[in-house]
Amino acid sequence: MNEDLQLSKLSLKDLDNVIALQNKIIANLPDEQKYFTLHRSKEDFAKALSSSNLHMFGIYVGKTLVAQSILNFPEDGCPRDIPEFAKEYKNSEIAIYQAVLVDPDYRGMGLMKRMLQAREDMAAFCGKKIAICKIAAANHFSWKNALKHGMQIVSAGIDASGHEKLYLQKKLNTPAVKILSPQPRVLISLQHKNLSKLMYNMGKIGQIGIWDKENATLAYIPSKQNSFGPILKNCRQPAPGY
C-alpha cells in the first residue's frame, strides 16, 4: 500500500472513527483472542479524548483511522490502571501504554512501532521516569513489537479474567543499559509450542525478557536470585541451545 500515513493527536471529533476501528478489530479477532483487546465504551473513549491526563494518538490514511493508542499519565493520590505493577514509582512518574489497535488491513507497516514511539516521545518530554504496559502472553504480535522497541518483560500474572499477562517496562530519560552478548541468556524460539506458558513462567520468577537483535528472537536474562533450570525443566520442549 502506498497511501500517505498521517500521525496525529486525536480529539473528540475523532470519536466515531475510534469506535469504528475498535469494532472492526474485535470483529476480526478469533473468539479465543478477543480478550487481547479490552472492549471500551463510547464513554470510555470520550474520556480519553478529552481528559487532561489521557492522550490518544492515531494514524489516518485519508479520512480512515487505521491505528490508535492511549497514553495514560496517572495522578498522585488517585487510583491507576495496572496498580499491581511498578509500585516503587509514584503515579506521576509513570506513563501507561494502553489500547494499541491496528486495522488488520494495515498490519506489517510498522504502525504499532510508530504508536510506541509517539507515546514514548511525549512521556519523556513530560518527564516521566518509566513506561509500563500489560500484554496477554498469547498476544505474540504485540509483545514482540514492544520488545523490539526496547521494552523488557519483567513480571507476569493472571488477571481477573483468568488470562496470563506479561508486564513490560522501559525506563525513560535515562541512558539505555547495554546488555553485552557474553551475558548468560537463553534464546527462545518464537515457534516454541509452549511459548506463552514459558514466557509466563519466566516472568513469574522475575527473569527479564528482551529482544535479541543478533538472533532476531526472544531471549531471557537470569536474575541474580534465580537460574533458568527449574522453569525450562518443566517445559516439554526446551529452548534452543539450552
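A: A salt bridge here is a side-chain nitrogen of Lys or Arg within 4 Å of a carboxyl oxygen of Asp or Glu. Side chains of opposite charge can pair when their charged atoms come close. This is a predicted model, in which local features need pLDDT of at least 70 and side-chain atom pairs count only at pLDDT 80 or more, while totals for chains, interfaces and linings use all residues. Residues are numbered from 1 along each chain as its sequence is written, and side-chain values use heavy atoms, with hydrogens and water left out.

By the salt-bridge rule, the count is 10.

Start with Lys170 and Glu120. Their side chains meet in a salt bridge, 3.0 Å from N to O. The pair links distant parts of the chain. Lys170 is in strand β7 (residues 164-171) and Glu120 in helix α3, 50 residues apart. Helices (H or I, at least four residues) and strands (E, at least two) are DSSP runs, numbered from the N terminus. Glu120 is buried, at a relative accessible area of 14%. Buried means under 20% relative accessible area, exposed means over 50%, and partly exposed lies in between (1.4 Å probe, protein chains only).

Next, Glu93 and Lys129. This salt bridge is 3.0 Å, N to O. Glu93 lies in the loop between β3 and β4, and Lys129 in the loop between α3 (111-125) and β5, so the pair ties together parts 36 residues apart in sequence. Glu93 counts as buried, with 15% relative accessibility. Lys129 is partly exposed, at 44% relative accessible area.

Now Glu84 and Lys134. In this salt bridge, the closest N and O atoms are 3.7 Å apart. Glu84 lies in the loop between β3 (64-72) and β4 (94-102), whereas Lys134 is in strand β5 (residues 130-136), so the pair ties together parts that are 50 residues apart in sequence. Glu84 is partly exposed at 38% relative accessibility. Lys134 is partly exposed too, with a relative accessible area of 32%.

Return to Lys170 and Glu120, whose side chains meet in a salt bridge.
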